[in-house]
Amino acid sequence: MYLEMGEENDSAYEVVFRSYTGATVHFYVEKRGGHTRIVEKAPMPGLETEAGSIELLDYLDEGK
């Protein structure tokens, strides 16, 4: 299992979590606002599933 940074563009980051099964979960994090779309991808047979979304800033302690 591991976590790594994926692609980045002007508006979003991609964070990839790979499990021991070979499946990956991609977190697409908007730089402005922290809205995060979650997509699960299975290596066989190449399935891709929208798994939901979260508001990332709801989980971060911003020094409060």
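In what order do the elements of the chain run from the N terminus on? They run β-β-β-β-β.

## Model and conventions

This is a predicted model, in which local features need pLDDT of at least 70, side-chain atom pairs count only at pLDDT 80 or more, and totals for chains, interfaces and linings use all residues. Residues are numbered from 1 along each chain as its sequence is written, and side-chain values use heavy atoms, with hydrogens and water left out.

## Overall make-up

The chain has 0 helices and 5 strands. Both kinds of element are DSSP runs, numbered from the N terminus: helices are H or I with at least four residues, strands are E with at least two. Along the principal axes, the C-alpha atoms fill a box of roughly 45 × 20 × 20 Å.

The chain has 64 residues, and 22% of them count as buried. Buried means under 20% relative accessible area, exposed means over 50%, and partly exposed lies in between (1.4 Å probe, protein chains only).

Contact means heavy atoms within 4.5 Å. Take the contacts between residues at least 6 apart in sequence: 2% of them join residues at least 24 apart.

## The sheet

The 5 strands form an open sheet in the order β1-β2-β3-β4-β5, with antiparallel pairing. β1 and β5 (48-55) stand at the edges with a single partner strand each, so one side of each has no neighbour in the sheet. From one strand to the next, the twist averages 20 degrees. Axes here are lines fitted to C-alpha atoms, for helices over the stretch in contact, and angles run from 0 to 180 degrees between N-to-C directions. Strands count as paired if DSSP finds at least two bridges between them.

## Strand pairs and hairpins

Strand β1 (residues 2-8) and strand β2 (residues 12-18) run antiparallel and are joined by 5 bridges. Met5 has Val15 in β2 as its bridge partner. The two strands, β1 and β2, form a hairpin with 3 residues between them.

β2 is also joined to strand β3 (residues 24-30), by 7 bridges, and this pair runs antiparallel. Glu14 has Tyr28 in β3 as its bridge partner. Phe17 has Val25 in β3. Arg18 stands opposite Thr24 in β3. The hairpin of β2 and β3 has 5 residues between the strands, and there Gly22 takes a positive phi near 95 degrees.

β3 pairs onward with strand β4 (residues 35-41) through 6 bridges, again antiparallel.

Where does Glu8 lie? Glu8 is found in strand β1. Glu8 has a relative accessible area of 52%, so it counts as exposed. Leaving aside neighbours within four places in sequence, Glu8 is in contact with Tyr13 and Lys31. Glu8 and Lys31 are 23 residues apart in sequence, and their C-alpha atoms are 9.8 Å apart in space.

Lys31 also lies over the face of Tyr13, at 4.8 Å from the ring centre. A charge sits over a ring if NZ of Lys or CZ of Arg is within 6 Å of the ring centre and within 35 degrees of the ring normal.

How many aromatic pairs are there? The count comes to 0. Rings of Phe, Tyr and Trp (its six-membered ring) pair if their centres lie within 6.5 Å; planes under 30 degrees apart count as stacked, over 60 as edge-to-face and the rest as tilted.

Leu60 is placed in the segment after β5. Its relative accessible area is 47%, so Leu60 is partly exposed. The C-alpha atoms of Leu60 and His26 are separated by 19 Å, with the two residues 34 apart along the chain.
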